[in-house]
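Hi,

Here is the structure I promised to pass on. Have a look at it first, and my notes on the salt bridges follow below.

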Amino acid sequence: MVDTALALQNILTPPVLFFFLGMLAVLLGSDLEIPAPLPKLFSLYLLLAIGFTGGVQLERSGLSLTVLLSVGAAVFMASVIPLYSFLILRTRLDVYNSAAIAAAYGSTSAVTYITAESFLRVLELPYDGFMVAALALMESPAIIVGLLLVRLLGRSSRKPGQEKVGPGAVLHEAFLNSSVFLLIGSLLVGFLVAQQGPTGVQKLEIFTDKLFYGVLTFFLLDMGLVAARRLNELRRAGPFLIGFAVLMPLVNAFLAIGLAAVLGMSQGTALLFAVLCAGSSYIAVPAAMRMTVPEANPSLYISTGLGLTFPFNIIVGIPLYLQVIKTVIPAG
Amino acid sequence: MVDTALALQNILTPPVLFFFLGMLAVLLGSDLEIPAPLPKLFSLYLLLAIGFTGGVQLERSGLSLTVLLSVGAAVFMASVIPLYSFLILRTRLDVYNSAAIAAAYGSTSAVTYITAESFLRVLELPYDGFMVAALALMESPAIIVGLLLVRLLGRSSRKPGQEKVGPGAVLHEAFLNSSVFLLIGSLLVGFLVAQQGPTGVQKLEIFTDKLFYGVLTFFLLDMGLVAARRLNELRRAGPFLIGFAVLMPLVNAFLAIGLAAVLGMSQGTALLFAVLCAGSSYIAVPAAMRMTVPEANPSLYISTGLGLTFPFNIIVGIPLYLQVIKTVIPAG
Amino acid sequence: MVDTALALQNILTPPVLFFFLGMLAVLLGSDLEIPAPLPKLFSLYLLLAIGFTGGVQLERSGLSLTVLLSVGAAVFMASVIPLYSFLILRTRLDVYNSAAIAAAYGSTSAVTYITAESFLRVLELPYDGFMVAALALMESPAIIVGLLLVRLLGRSSRKPGQEKVGPGAVLHEAFLNSSVFLLIGSLLVGFLVAQQGPTGVQKLEIFTDKLFYGVLTFFLLDMGLVAARRLNELRRAGPFLIGFAVLMPLVNAFLAIGLAAVLGMSQGTALLFAVLCAGSSYIAVPAAMRMTVPEANPSLYISTGLGLTFPFNIIVGIPLYLQVIKTVIPAG
Amino acid sequence: MNRVDVILSERELERLVNVIDSCGTPGYSVARHVTGRGAHGLVASEALEVTGLGTNVHVIIFCEEPVTEALRTALRPLLAYYGGVAFVSTCEPV
Amino acid sequence: MNRVDVILSERELERLVNVIDSCGTPGYSVARHVTGRGAHGLVASEALEVTGLGTNVHVIIFCEEPVTEALRTALRPLLAYYGGVAFVSTCEPV
Amino acid sequence: MNRVDVILSERELERLVNVIDSCGTPGYSVARHVTGRGAHGLVASEALEVTGLGTNVHVIIFCEEPVTEALRTALRPLLAYYGGVAFVSTCEPV
Ligand SMILES: Nc1ncnc2c1ncn2[C@@H]1O[C@H](COP(=O)(O)O)[C@@H](O)[C@H]1O
Ligand SMILES: Nc1ncnc2c1ncn2[C@@H]1O[C@H](COP(=O)(O)O)[C@@H](O)[C@H]1O
Ligand SMILES: Nc1ncnc2c1ncn2[C@@H]1O[C@H](COP(=O)(O)O)[C@@H](O)[C@H]1O
Ligand code: NA
Ligand code: NA
Ligand code: NA
């Protein structure tokens, strides 16, 4: 049923194998560690590089209807996923934790996106580079919907003496969060530089393009370490959340694939869109939730995303979604 | 009047755009941050790479009269600028702060130099690579002149019980400061390796040359963050220092351009020389001043240089000086 | 007697010159410093890159008898060197310090190996890339032999109330130490990726291969700083240990060259084997000894290896061993 | 003279510094990259710095009793909302 | 209320945290990258982090007297075997 | 037994360690990368590490009263010239 060749082709790439190596290190009790702030360096680099490249692609494709439709679909999914996720989570968890986890799943995981893109390059399947704009624009709506849920449904339990966080602070966090800001900023820089002609782009490409695969590989080694440590914590969170962390990305990806087929996306672009919807944010949403919903337990929304959904998407999800896409969308 | 095409060509390069992005992050209140010691990594890399490349160029050009004249002119400017800067600053500030700021302006800014060099490469204007030797040799004289001013004019106010810093410590700081040492050391290594033939140079060039533009871009993102934070502090320093921080680089650059014309430098080399004189040191001078003139307020000499003079040179200065040079010095 | 051309060819390469520059910085009292955790970044990168490349080479050469013999010889030397080193050290030091230092010399120095490999590439002398497997497998036996010595000969002096470290913990430390784990893990990843064909290898090679020489150069600058600081401490350790730190690598290298000749290794491979035996571990052994033999003084086993044996091998050893090999083993 | 130790999430540092400044303290020191476990059951780790959640900060303030009193009043709501701990002990200048 | 300061090698941090947890402490904070000199004559330096020996950690525990007593008993053998120091002083919550 | 906390600029660390050693202290611990605000109105920040000015260090010394007294005498001129603060409190070994 599952296309094992495709799955193996994904697993036997350096990024995924190093991700396994990181998980293995934790499981065997090795003291391997990528000390802070090195993971931050890799993460900043990847955001800058992907943003810049996306901006260049956006300039090349122009602001066509296809672009607007794709990005619009991403914003739509980022707003809708938290709503139905919240309803499911509310059956077992309180308002605060439900809203925080729902927001994380509405938003997306940059590294999952990047890994999927690398996989498409290995397969030499074409895709629309401007999808990175969708990546950049999915964090903010999910954060806002998550906070609206808390405002509307959770207000009563706040004690009177407590500090209040206004809507300004929420919007600030949603749009000026360091990751979102760097991604959108690099996108704009890429766009502007590409407009000036190919020289500037080429000079930076040695840095943003040639190094990319290596840094991704290194970063996934670290993410393997982080995910495996979170996996432990997740065990304590119980079967409900574990089930949620595996089934939710599947549901979101399949809805996304349906939408992609309707909008006429190519196979490669549809995979990127599916992965965007399936991913759970661990870079912008946690920071926003920590500030505005301190009642929620960070270890819940970080562990579900990093400990289970992230490895699931990287290892199983990417080849699985592509296989489904191939049966639904005809090759370019 | 100002050549807008040239100015735009400078601004719309990745390094300058990312510098803006960094400033914007601070102005909008984003929490974007390049955590320590990553900026130090970029800074060490840039010094090593520029020193090595400069050494290779120096070996290729040989120790000719042109080289000696250019480097001599740089040392001359580094000694003279602090003198007239001191006189101007003394009208409003005490001896200690005047001497410390004067020393910073006598010395130079490595990143401004590097950005100017990158700009010349984009424009494909030839320049003498050995000018990096001038860069390396401008820190020390400025530090020494600054400290002589303190010794001659400020001694009386020192309390008797206080520790004394001897001339040995001053020379030590002037020549063995980590940045000066790494720059000169890498220059010597580049020189020695180049003498052995092209193999060694080529093997390292992938690292020192191909990565260079990307690291510079990343570093300027950080410098934008730092500069914008300093800009805030500068506001408190008052209009006198703000005026000084913008007018002084202009004066120094124009004097440098005159001298460059007299010495017969090419357009590209003259730009590097102008930028060397216009820059204000933020890497070697602050450390030296902190140790030997603790009476001076570090936030004054760091904020003027980093908050205003640095962005001014990067954004306005480089294209402006080049425009002036083009009217004064005939094309190669 | 000594081939000065060969020695100069080694010294006048960027890695060795920057190593000198680092030592010089400490000797002159410069405040040059590569702040933590940047050296760790370089170290992790070098282990990952060398492991991956070694795995690719291993896959290409296949698991032949030559490979098994070479790796077997390395494991043999790693077990025997600690035994005779211990006998020599025991004439002056207690059981704990003798065992810890003996273990360090049985194991090997990854950076010395890498520098030797870079030197072979400069000389364009062929060598067997699978020797990196020997590098990975020399840490563990040395650690185990060192701890057996302590168990058999040093037990009596342990106080009864003290914590006991079981054999499980020792084996754990010997095989799952972060450096050993990353090296072996990257080797396996390289092997698996290479089996899938050349695409995956090529995509990562830009990172693991092109950057390699530059990162090694940067890392050796840091190692120069570290070695020079240790050199100071070593002076306090007295002439016996100083003599040991210089003579032991010679003895080990010459034994290794003899064995290499018997086993029919090529000149390049023999140099790698000699350097493996001559080196002293500073990455896996110290961590293992600290945990299991806390009675030993870490500054002794770190300073002999890093302060003297390491610079000796880098500067004198590599060209000297090659010269000896050229008289013993005929050119390929 | 007193020594006040405050440990809370890095993300609240700016708020904390504002509180400290408004109490008229003569100075303060900040150590970042502090991890730990507290009443919220959270074990922060440097490995999670990449999530933007950051780690904790340890802030030390040496000050006289009246300032300590002001700090007490100002710190309590902050700690109640965001979590974190603060303790006071006595000391004397060298 | 007490404040317990423990400084020892990073490599023993996991063991220390187990000890702290088993004593029923309400929480603790860890600062890594601490260097120093001690009875073992060792001067740890950040430059040696690359050797895997690591540096020291400074762990602070705010707790009541009974927990302090438990910590005292549990810490002594650890410090005796691996080295490191621990001191207790008094404090009060803000 | 005493605990002495010294906070000053990283650039004076070597001088400080010399002073500490000359007073016969049994040991000390150093935490780098400390930022803060003090009498000199300076707010050091990690972002300025690149200027070579560095940040502050927090040095802790656990010692007996006579050593504390020696430290007091030796520290004062250093702090007067370069800035920084130092405070003494009491503690006991575990
Ligand atoms: N009893 C304690 N002793 C030392 N540090 C503590 C203690 N309780 C909490 N902390 C620190 O304060 C942080 C936030 O505490 P909390 O909000 O209680 O989870 C923790 O992550 C610890 O770093
Ligand atoms: N008297 C002291 N004051 C402060 N820190 C100390 C003291 N003694 C030891 N330390 C710290 O504890 C670490 C281990 O101590 P030791 O095992 O005694 O060498 C040292 O590296 C110092 O960081
Ligand atoms: N009252 C205080 N409490 C805590 N830390 C202080 C205090 N005063 C000064 N410091 C620290 O000591 C450093 C130097 O102090 P100063 O020389 O007074 O500016 C500051 O940057 C702070 O990190
Ligand atoms: Na999603
Ligand atoms: Na200047
Ligand atoms: Na060896």
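Glu69(F) is partly exposed, at 39% relative accessible area (buried means under 20%, exposed over 50%, partly exposed in between, with a 1.4 Å probe and protein chains only). Helices (H or I, at least four residues) and strands (E, at least two) are DSSP runs, numbered from the N terminus.

A word on the source: this is a predicted model, where local features need pLDDT of at least 70 and side-chain atom pairs count only at pLDDT 80 or more, while totals for chains, interfaces and linings use all residues. Residues are numbered from 1 along each chain as its sequence is written, chains are lettered from A and ligands numbered from 1 in the order in which they are written, and side-chain values use heavy atoms, leaving out hydrogens and water.

Some pairs cross between chains. Asp31(B) forms a salt bridge with Arg11(D), with the closest N and O atoms 3.3 Å apart. This one runs from the loop between helices H2 (14–28) and H3 (38–61) of chain B to the loop between strand E1 (2–9) and helix H1 (13–22) of chain D. Asp31(B) is partly exposed at 34%, and Arg11(D) is partly exposed at 21%.

Over all chains, the search finds 39 salt bridges.

Cheers

Technical notes:
A salt bridge is a side-chain nitrogen of Lys or Arg within 4 Å of a carboxyl oxygen of Asp or Glu.
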